[in-house]
Amino acid sequence: MKPIPRISYFFIMVLLTVLSFNSLATPALYKIEKNGTTSYLFGTVHVGDASVKGLPENITQAIEQSNEVVVEVDISKLTPFEMQQRSMPLMMLKNGKTLQTELSKQNYKKLKDYFAKKSIDIAMFNTFKPWAVMVTMMQIEFQNAGFSDQTGIDKQVLAYAKEQNIKISELETLEQQLQMFDGMALLSNEMIEETFEQLADINTYFIKLVNAWKNGDMDTLTEYYNMSFDDSNYGEISEQVMLVSRNNKWIEQLVPRLSNEKLFIAVGALHLPEQHGLIKQLKDKGFSVTRL
């Protein structure tokens, strides 16, 4: 029997951000309670297609019952120009480094061939960090599949909060979120190799994962989570950098507030499950966490 390949967390992270809600979807919404104060925790998707327009009623009601919406980064306050101005310096290589010096010859050729098939000269990415090139590549693929951040759930949550004149705050800055990827710099080749493999056959590798998310099948999502974060060097570092350290910082910010403030917390869905996830950490702090 052919062994199941370890799933790249980087790929799962991007893939989960494009899954959409539909009439059969079960959004991951949780009620958080302590000392008579109720807040909400919502697992979001950052990019969607036309079918995701309009938040489910249970989500809008939870937002209305909250005094503040808390998101990873409040992108609604940034214009496209400001976004580019703040992100570009963090995406660029320094000290004479180039994309070619940072990757193996084999992986550089893979990228060169990939962009050539799309009539794009890889030279335009010569001074980009490998992770920035990979993000660009994934954006291309998902846009070709009909997905956009304009219909993402995060933007809809932010827009609805503004409509209701509800205060918005963020758990980290845009710069902090982008700098996270630098923690994976030494694993650039591994990231590219695994992501290419899975992008080449996305239906085979991820149809089960997609269906699990849409149907709220947490057991299957947990299975993929554990498959992603195995005991390899890559698995352990990616989990620590992209999830564990961020979750821990968020808990430090949120716990003092959740005892007396009504918050609607909207973060990427993969930050919720497993031993380092927000759900378990909140329970360990004495909060009642119930899925709605």
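Which residues does Phe115 touch, not counting residues up to four places away in sequence? I found Ile120, Ile122, Phe125, Val133 and Ile140 on its list. A reminder to myself: this is a predicted model.

**Entry: the cores**

I went from Phe115 to the core around it. The largest nonpolar core has 32 residues, and Phe115 is one of those touching the most other members, along with Leu99, Leu111, Trp131, Val133, Met137 and Met184. The largest share comes from α6, with six residues. I also noted another core lying apart from this one; it has 20 residues, including Ala28, Val70, Leu171 and Ile279. The background I keep in mind here is that nonpolar side chains in soluble globular proteins tend to be buried together.

**Entry: the whole chain**

I stepped back for the overall numbers. I counted 13 helices and six strands in the protein. Of its 292 residues, 52% are buried. For contacts with a separation of 6 or more, I get 82% from residues 24 or more positions apart. The accessible surface is about 14100 Å², and carbon and sulfur atoms hold 51% of that.

**Entry: helix α12**

How far does α12 reach from its first C-alpha to its last? I get 35 Å for its 26 residues, close to the 38 Å expected at 1.5 Å a residue. I also looked for bends and found a kink of about 45° in α12, centred on Gln240.

**Entry: salt bridges**

How many salt bridges does the structure hold? I have eleven down. I looked up three of them one by one.

I started with Lys77 and Glu170, whose side chains meet in a salt bridge at 3.0 Å, N to O. This pair links distant parts of the chain: Lys77 is in the loop between β3 (68–71) and α3 (80–91), while Glu170 is in strand β4 (residues 167–170), 93 residues apart.

My next pair was Lys31 and Glu33, with their closest N and O atoms 4.0 Å apart. The cut-off is within 4 Å, so I keep this pair on the list as a salt bridge. Lys31 has a relative accessible area of 24%, which makes it partly exposed. Glu33 is partly exposed as well, with 28%.

Then I turned to Asp284 and Lys280, which form a salt bridge at 2.9 Å, N to O. Both sit in helix α13 (residues 278–284), four residues apart, or about one turn of the helix. Asp284 is exposed, at 54% relative accessible area. Exposed means over 50%, so Lys280, at 37%, goes down as partly exposed instead.

Technical notes:
Residues numbered from 1 in each chain as written. Predicted model: local features only at pLDDT ≥ 70, side-chain atom pairs only at ≥ 80, totals over all residues. Heavy atoms only, no water. Buried < 20%, exposed > 50% of the residue type's maximum accessible area, 1.4 Å probe, protein only. Helix = DSSP H or I, 4+ residues; strand = E, 2+ residues; numbered from the N terminus. Contact = heavy atoms within 4.5 Å. Areas by Shrake-Rupley, 256 points an atom, 1.4 Å probe, with all protein chains shown as cover. Core = buried A, V, L, I, M, F, W, Y, C linked by side-chain atoms within 4.5 Å. Expected span 1.5 Å × (residues − 1). Bend = angle between axes of the 7 residues up to and from the residue.
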